[in-house]
Amino acid sequence: MDTSQIEKQIKDIEDEIFNTQKNKATEHHIGKLKAKLAKLRSEVEKRKGTGAKGKGFAIKKSGDATVGLIGYPSIGKSTLMNCLTDAKSRIGDYFFTTLDVIPGMMKYKGANIQILDLPGLISGASKGRGRGKEILSAIRNVDLILFMIDAQNFDNLYLMIKELYNSGIRLNQKKPDVIVKKTGQGGINVTATVKLSKLDKELVKSIASEYIINADIIIREDISEDQLIDVFIQNRVYVSAIVIVNKTDLIIRDEINFQLNNIRQSGWKTIGISALKETNLDKLQEMIFLELKFIRVYMKPVGKKIDYNEPLILKEGSTVEDVCKKLHRDFKDKFRYATVSGPSAKHDMQKVGLDHKLKDKDILTIVISY
Ligand SMILES: Nc1nc2c(ncn2[C@@H]2O[C@H](COP(=O)(O)OP(=O)(O)OP(=O)(O)O)[C@@H](O)[C@H]2O)c(=O)[nH]1
Ligand SMILES: [Mg+2]
């Protein structure tokens, strides 16, 4: 089948879903159509060489985490970028001032946070408008997305979210807790360890059968139909996001608060700022820092004082082994034991191994053999 035939099929299925009334009798049929649709869409993406592995900007990741700043053109992304980081990104009062990715480093509480100032994202980006595909492919690999919208136009937010959704980016969602074990025979077997309120096992089977023939599927979370489909499509990524409302200097406070509350009620973390007047930027920095869920670990070299000035910045869930890797490539091989005091320790100077999970503000000593 050539691509235009697939696109025709996509259109037909979209129409059919649109024209089918959703009820108990039709839900299996719709589920199956949605599964087919997702499969065809990802096939088109693959053929066009876009989606997950599209041609992208050349970005060198650095620092302890990378954050992507996106939003409609002329919303103030570069203005904010220049306030928060050492970068000098061009600012203009016309659309598409920024045409490339400009990276900059924000230093905050000992963490080096890389921020990427991206060109404006417009409606239709996921289908390739503007440099849409490249922008979307760049933000697939970040640790956090900052969505910037204009205080005078909140609707943009929902347009942008849709573009991201269409390109396979799932915001503030965890990867569905579903295990798919391919088997050689026996068809599809579904087990659920929790009560499923949005799906029944037959529907799971009929969706799964669009992708696999034999498998044991274990569902450990009360997921929706769309989440189940995501399990089978390869290019999904799960990234957290914060909504930044900029240019709050241009509208009255009551109006801003009303809109911020609306956004919060839709389940998003949000903050109002003015990049131009530099208001609320300290709160924004703190929010970014917290959202990245860093932990700080203070090192205490054997026989020396604790280094409180330069904590190691690690991602949440890091182990002693991760620290070794960060310090020196030989450390893991020469590792004998470590001692830890603080939140993750049962008592002061607890002796631990490489797999010990650290917590924020732990004090760690690593003992290696020479
Ligand atoms: N009033 C007001 N103007 C702002 C604010 N932040 C940015 N601006 C203005 O908005 C215009 C666009 O700013 P940029 O930072 O270039 O916007 P951008 O989002 O990077 O735009 P593109 O690179 O084209 O996507 C400039 O004229 C800024 O001075 C703000 O908080 N308040
Ligand atoms: Mg810009």
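This is a predicted model: local features need pLDDT of at least 70, side-chain atom pairs count only at pLDDT 80 or more; totals for chains, interfaces and linings use all residues.
Residues are numbered from 1 along each chain as its sequence is written, and side-chain values use heavy atoms, with hydrogens and water left out.

**Exercise 1**

Work out why strand 11 is largely enclosed, and find which strands pair with it.

Solution. 
- Start with the terms: strands (E, at least two residues) and helices (H or I, at least four) are DSSP runs, numbered from the N terminus. Buried means under 20% relative accessible area, exposed over 50%, and partly exposed in between, with a 1.4 Å probe and protein chains only.
- Next, look at residues 294–299: six of the six residues of strand 11 are buried, so the strand is largely enclosed by the rest of the structure.
- Then check both faces. F294, R296 and Y298 point one way, and I295, V297 and M299 point the other way.
- Finally, look for partners; two strands pair if DSSP finds at least two bridges between them. Strand 12 (residues 312–315) pairs with strand 11 in the antiparallel sense over four bridges, and there L314 is the bridge partner of I295. Strand 15 (residues 362–368) pairs with strand 11 in the parallel sense over three bridges, with D362 opposite V297.

**Exercise 2**

Solution. 
- Now list contacts, meaning heavy atoms within 4.5 Å.
- As background, nonpolar side chains in soluble globular proteins tend to be buried together.

**Exercise 3**

Is A338 buried or exposed, and which residues does A338 contact?

Solution. 
- First find A338 in strand 13 (residues 335–341).
- Its relative accessibility is 0%, so A338 counts as buried.
- Leaving aside neighbours within four places in sequence, the contacts of A338 are V320, Q350, K351, V352, L364, T365 and I366.
- For a distance check, take V367: A338 and V367 are 29 residues apart in sequence, yet 5.6 Å apart in space, C-alpha to C-alpha.

**Exercise 4**

Decide how S74 and E278 count by relative accessibility, and where each one lies.

Solution. 
- Begin with the background: most residues other than glycine have a negative phi.
- S74 is not a glycine, but has a positive phi of about 60°. S74 sits in the loop between strand 1 and helix 3, and at 27% relative accessibility S74 counts as partly exposed.
- E278 is not a glycine either, and has a positive phi of about 55°. E278 lies in the loop between strand 10 (269–272) and helix 9, and at 52% relative accessibility E278 counts as exposed.

How values were computed
Chains are lettered from A and ligands numbered from 1 in the order in which they are written.
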